[in-house]
Amino acid sequence: MTIPTSPSPRAALLTWTQSGAEALANLLAQRQRSALALLGILIGAASIVAMLTIGHMAQRETLKLFAHMGVDMLQIHANPVGPLPATMDRAAIEALPRTDPDVEAAAPLTIDRAKVAVGPASQDAGIIAVAPNLPNLVRLSLASGRLFASVDEGALVAVLGADTAAALSAPGAPAGPGSQIRIRGYVFTVIGVLRPVAFTAMDPADYNTAVLVPLGDSARIMATPEPSTALLRLRPGADATAVGERLVVRLANPTSAPQATSAQELIQSLNAQKAIHSRLLTAIGAISLLVGGIGVMNVMMMGVMERRREIGLRAALGATPRDIQAMFLIEAGILALMGGLAGLAFGLLAAFVAARASGWTFSLSAYVLPLGPGLAAVVGMVFGFYPALRASRLDPIVALRDE
Amino acid sequence: MLEVLDLTKTYGPPDQATPVLRGVSFKVEAGSFCAIVGPSGSGKSTLMNIIGLLDRPTSGVLRLDGLDVAFGDRGQEARFRGATIGFVFQSFNLLSRLSAWENVALPLVYAGVPARDREQSALAMLERVGLSHRAHARPAELSGGQRQRVALARALVRQPRLILADEPTGSLDSVTAGEVMALLRDLNQRLGVTVLMVTHDKDLAARCERRIEVLDGRVVAEAGVTA
């Protein structure tokens, strides 16, 4: 070829922007068919957006479950193997930070339930006999008073959970430091009241509705003097499962078969459940996008067939095959993008409803916003490619003659 | 301006090829108004398609503005076509969703003209064909003659050197046809654009300064040769 003015990149860009505005008009002209293709893309984008947002919220909720304690906790609980109460050796537990390289801190405890009375008022409460380091280990904080010190070992002192304190308070006589409470015939002096704390998956009991007493008092008011449970904080990087397996063997005795539960394992099993939901939503999303993409292809193919004359005309007016291809690709992209944007809205709405239903805090991750519509647009372009190619390969003479 | 040398075109597989053009040669001077006449099946449409770079010859040379056209790359053909040739069709071929001025501006899109300039050029060209008052009307709201005038404005908007008109008055009543012909003549004279018009209307052809008669794939008669 001899002469032609080859178009500058600027000219090409102008062609493309023009096509964008035109594409909308062209799509509007075949509204019903476009709407059907949109629906598939919409459902696809919506399920992907919903999945990502729900996944994101679920992760936040999971971490919230371990919020006050952290995710490096390991709980070992003694299960009875015979008629005797299951216990573990307190000294062995307390020695763990020195004897096991992966344990940073260890606190033995025993849990029971008993009636707690103040004057005439009484309240059923969990009694947790704890080693003095437990409140720090699980990061409990005080509303008033003080926590246990090592001198309190064996003394009749108690720390009240927030709900217990409220339940034992009478008008004008709040239960707090200095109050006297009776448990199983012993009178305890309250030395502190805990702040409310979320009951999490790793807590052996709800601290809010409990009374904490020194483990040294176990011999007087608990079923057994030895602890039934141990809470351990692991050193960073420790493999909780491996440590658990090791300590279970180490703490086993004729009365009990200890069982280890780690925060890591709980998170894993929670995540595994969520992964099933995610996979389901991903599958729905992928299938819908596929169906939507085929819908886009269908709309575009029909469009190419119906607009053969227009394609021929545009070719006669100087449109290159590439221009024609771009026109249809942009139409497909815009069609899918609109579906994607609507899908984004619906997906976020679905995630919001899901969050409401599960009592979660709605939160969305920023990357979802461009991802849903972007993915849809890509699907549109991919499925629009073949019709666009067909259009660009039409013989202008044949196309123009088409009635 | 336009020179055709021994152009042939055959359709179909080589062993049973059907010749449509059997060696057509002629010359059209710049600025002339030339009619190609012939019965249907004579090969005049194929000839027009080849001159319009919409079809490729089997052999022979097409020379436009002294340059041999090398057929082959559809993209280059399209760009060259857009810059050099304006088309007028029997059935107007306006896009129904676009207003008159948007139809006129369409070729400018493929020339990479910015949107604002496109509107100005299109409006100016509509004024030239006497339709500036209908610039925002859709084709459906226009009469046949008005539609063909919009199509004329569209053919001229990129200031081509050659207009290829295929039965431009074939869909119009005789009065309107006369008006459109007069306009085409006028634009030919005032803008100096070469017009090549296919028609089977002998009266119309008789009014052209130059006539090429095609029959059975050959030029059988020429009239009004100036060079």
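A residue is called buried here if 20 or more other C-beta atoms lie within 10 Å of its own, exposed if 12 or fewer do, and partly exposed in between, with C-beta atoms placed from the backbone. Helices (H or I, at least four residues) and strands (E, at least two) are DSSP runs, numbered from the N terminus.

This is a predicted model, in which local features need pLDDT of at least 70 and side-chain atom pairs count only at pLDDT 80 or more, while totals for chains, interfaces and linings use all residues. Residues are numbered from 1 along each chain as its sequence is written, and chains are lettered from A and ligands numbered from 1 in the order in which they are written.

Let's begin with strand β10 of chain A, residues 256-262, where the side chains alternate. Ser256(A), Pro258(A), Ala260(A) and Ser262(A) point to one face and are buried.

Two strands count as paired if DSSP finds at least two bridges between them. Within this pair, Ala78(A) sits opposite Pro258(A).

Elsewhere in chain A, Gln180(A) belongs to strand β6 (residues 180-183). Gln180(A) has 14 other C-beta atoms within 10 Å, so it is partly exposed. Leaving aside residues up to four places away in sequence, Gln180(A) touches Val187(A) and Thr189(A); a contact means that two C-beta atoms, placed from the backbone, lie within 7 Å. Val157(A) is 23 residues from Gln180(A) in sequence, and their C-alpha atoms are 9.1 Å apart in space.

**Chain B: the overall picture**

Over in chain B there are 7 helices and 10 strands. Of its 227 residues, 48% are buried. Take the contacts in chain B between residues at least 6 apart in sequence: 70% of them join residues at least 24 apart.

Six of the strands make an open sheet in the order β6-β7-β8-β3-β9-β10, with mixed pairing. Its edges are β6 (85-88) and β10 of chain B, each pairing on one side only. On average, neighbouring strands of the sheet are turned by 20° against each other, direction ignored. Axes here are lines fitted to C-alpha atoms, for helices over the stretch in contact, and angles run from 0 to 180 degrees between N-to-C directions.

Here are the strand pairs from both chains side by side.

| Strand pair | Sense | Bridges |
|---|---|---|
| β9(B) and β10(B) | antiparallel | 5 bridges |
| β3(B) and β8(B) | parallel | 5 bridges |

In the parallel pair, β3(B) covers residues 33-37 and β8(B) covers residues 194-199. Cys34(B) stands opposite Leu196(B) in β8(B). Helix α1 of chain B (residues 44-51) lies across β3, β7 (162-166), β8 and β9 of chain B, and runs at about 155° to β8(B).

β9(B) (residues 210-215) and β10(B) (residues 218-223) form a hairpin with 2 residues between them. Arg211(B) has Ala223(B) in β10(B) as its bridge partner. In the turn, Asp216(B) has a positive phi of about 55°, although it is a residue other than glycine. With 14 C-beta neighbours inside 10 Å, Asp216(B) counts as partly exposed.

Asp65(B), also not a glycine, has a positive phi of about 55°. Asp65(B) is in the loop between β4 (59-64) and β5 (67-68) of chain B. It is partly exposed, with 15 other C-beta atoms within 10 Å.

**Chain B: an enclosed helix**

Finally, look at helix α3 of chain B (residues 100-109). Because 10 of its 10 residues are buried, α3(B) is largely enclosed by the rest of the structure. Among them are Trp101(B) and Glu102(B).

Helix α5 of chain B (residues 144-156) packs against α3(B) at an angle of about 30°, with the axes 7 Å apart. Where do they meet? Ala100(B), Asn103(B), Val104(B), Leu106(B) and Pro107(B) in α3(B) meet Val150(B), Ala153(B) and Arg154(B) in α5(B).
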